[in-house]
Amino acid sequence: MLDEARSAPERVAAQFAADGERYAALGAQLRDRPPAAAVTIARGSSDHAASYLAYLLMARYGQLVTSLPMSLVTLYRAPLATHGTLAVAISQSGRSPDLIEPIEVFRRGGGTTVALVNVAESPLGAAAEWVLPLHAGAERSVAATKSFICSLTAGARLAASWQDDRALLDALRELPEALGAACALDWSAGVEPLRGAERMMVIGRGTGLAIAQEAALKFKETCAIQAEVFSSAEVQHGPMALVEAGYPMLVFAPRGPAQAGLIKVAEEMRGRGASVLLAAPADVAERQLTLATSASEDLDPIAAVQSFYLLVEAVARARGRDPDRPPHLNKVTSTL
């Protein structure tokens, strides 16, 4: 897991060196024939990457995006309006039946179907009209790292190509350097507070919420910590009842419109006695963990998860667990 996480900057650079004409052609088609609607189709870490893509499209360009509950297709056989819809599936293996069938339905129904997939020659790749390989390379660790980061960057590249956003495309080309800087940051201050944790909260908002979702999943997978994720706008409602003295919390506060509110929530939770780890850029004095920055605020969450992966691997080992072989988990999950 650690080696694969550290290889992410190299894999992202490889992704950006390939498929430029394919992204440009798809972007031109989407501009010429704008979709009537857009849906994402994914599970697990890939669904977190889909959440990032959706938020990026909505916040940056105003394009509404829905996360498709796959059971509407696979179990309920719902009569979905597929014509003119952009359907984007995200997957590492491309072998999960509950992703393949919806893509087939949308393609037959006149939608534009796209697969962001690490194994391009997979059933999902065969089912989609457009295949955008992640180029993450073989991933042996059960807990996804580099493939998740490559899913985030492929989603951002798709969004920028669709909108012909030259500034974001230029920022993406510089991202491997920011990811390398994120790998070099020292997050060891987060290990001891989480060594004995049984439950915790992970807080994010906006484009960073998807990173908080991914972090909570990785704490469960590799550390056996019952980690729950909340938006900073929601945590002050019902979840507040869980917070007591020493309650562990990780707050991601990258640059952007949500940052001030996230820093405020971290301060308020400390006032309630919580053990808060605030991850923020170097200009935030209250931080415990430093976030690397990129050429675009919207890409900063990708650098944040790069640093996080090194932390969660260290926390797992400090707890006496093997992050490379989490119990009861398989690399590919087949569901309908």
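Is Ala87 buried or exposed? In this predicted model, Ala87 is buried, since its relative accessible area is 0% and a residue counts as buried when that value is under 20%. The residue belongs to strand E3. Leaving aside residues up to four places away in sequence, Ala87 touches Val39, Ile41, Ile103, Phe106, Thr112, Thr113 and Val114. With Gly125, which lies 38 residues away along the chain, the separation between C-alpha atoms is 13 Å.

Strand E3, which comprises residues 85-91, is also one of the elements against which the buried residues of helix H4 pack. The others in this set are strand E1 (37-41), helix H8 (146-162), helix H9 (166-173), H12 and H14. Within H4, the buried residues are Ser45, Ser46, His48, Ala49, Ala50, Tyr52, Leu53, Ala54, Leu56 and Leu57. Helix H4 itself covers residues 44-61, and its 18 residues, at 1.5 Å a residue, should span 26 Å, a value that agrees with the 26 Å found between its end C-alpha atoms. After the helix comes Gly62, which has a positive phi, near 80 degrees.

Helix H14, one of the partners of H4, runs over residues 300-318. Just after H14, a positive phi of about 80 degrees is taken by Gly320.

The crossing of the two helices is right-handed. On the side of H12, the contact is made by Ile211, Glu214, Ala215, Lys218, Phe219, Thr222 and Cys223, while H14 contributes Pro301, Ala304, Val305, Phe308, Tyr309, Val312, Val315 and Ala316. Sorted by class, the residues of this contact comprise 12 that are nonpolar, 1 that is polar and 2 that are charged.

How values were computed. Residues numbered from 1 in each chain as written. Predicted model: local features only at pLDDT ≥ 70, side-chain atom pairs only at ≥ 80, totals over all residues. Heavy atoms only, no water. Helix = DSSP H or I, 4+ residues; strand = E, 2+ residues; numbered from the N terminus. Expected span 1.5 Å × (residues − 1). Left-handed = near helix turned anticlockwise from the far one by under 90°. Contact = heavy atoms within 4.5 Å. Nonpolar A, V, L, I, M, F, W, Y, C, P; charged D, E, K, R; others polar. Buried < 20%, exposed > 50% of the residue type's maximum accessible area, 1.4 Å probe, protein only.
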